[in-house]
Amino acid sequence: MLRIIKRVLRSPKRILQMEEAIRNRDFASFSQLTRIDSNQFHAVCLDTSPPIFYMNDTSHRIISIVEKWNRSEEAPQVAYTFDAGPNAVLIARNRKAATLLIQKLLYYFPPNSDDLNSYIIGDKSIAKDAGINGIEDIEALPPPPEIKDNIPSQKYKGDVSYFICTRPGRGPVVLTDESQALLNSENGLPK
């Protein structure tokens, strides 16, 4: 319970720090705040009685990959957070980092089938920029450079169902066509 109280009391300060990091385009601070907040949220979940286990082994592997990569670079390349479940949300520093990220993820988590089209969903141009056009490109990926001493790394084929690649959008828009809205304008509930 004490952990929950401390987390709540720190929230206003963290929100201000996050707003400042975004305003200043300070990815290093943004990344650190995002990762710490995600880790603290899941620590609180584990500290409840009975404990809540949202993340799974694959979630922890993704954290490890991101943390090793960030430590090997001069500045953080990726931020992570998780939904209220095992699903990672990874935010890359820039387009170059996004292409390296998809290479690393596909190296460690290759698809179960040859159907790359349903394994990478959304903005497929990130995979194309990373040189991934088919399953043979995934199989030919070299181990990430942050793997020390060429120690063979384990791959987790089939542990990830799919990757959704996106980029920042234009932000909120006022809809003039009510049929495009996802919420009912009369009661605010989903349609």
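How many residues does the hairpin use to join strand 1 to strand 2? Five residues make that join. Hi everyone, let's start there.

A quick word on the model first: this is a predicted one, where local features need pLDDT of at least 70 and side-chain atom pairs count only at pLDDT 80 or more, while totals for chains, interfaces and linings use all residues. Residues are numbered from 1 along each chain as its sequence is written, and side-chain values use heavy atoms, with hydrogens and water left out.

Helices (H or I, at least four residues) and strands (E, at least two) are DSSP runs, numbered from the N terminus. Strands 1 and 2 pair in the antiparallel sense over five bridges; pairing takes at least two bridges found by DSSP. Phenylalanine 82 has alanine 88 in strand 2 as its bridge partner.

Now to helix 3, residues 57–72. At its start, a side-chain oxygen of asparagine 56 comes within 3.0 Å of the backbone nitrogen of threonine 58. Among the buried residues of this helix are Thr58, Ile62, Val66 and Trp69. Buried means under 20% relative accessible area, with a 1.4 Å probe and protein chains only. The buried residues of helix 3 pack against helix 2 (27–46), strand 1 (78–82), strand 2 (88–92) and helix 4 (95–108).

That brings us to lysine 104, which sits in helix 4. Is this lysine buried or exposed? Lysine 104 counts as buried because its relative accessibility is 6%. Leaving aside residues up to four places away in sequence, lysine 104 touches Trp69, Pro144, Pro145 and Glu146, where contact means heavy atoms within 4.5 Å.

Terms used. The expected span of a helix is 1.5 Å times one less than its number of residues. Buried means under 20% relative accessible area, exposed over 50%, partly exposed in between (1.4 Å probe, protein chains only). A polar contact is a pair of N or O atoms within 3.5 Å; within protein, one must be able to donate a hydrogen and the other to accept it, and residues adjacent in sequence count only if both atoms are side-chain atoms.
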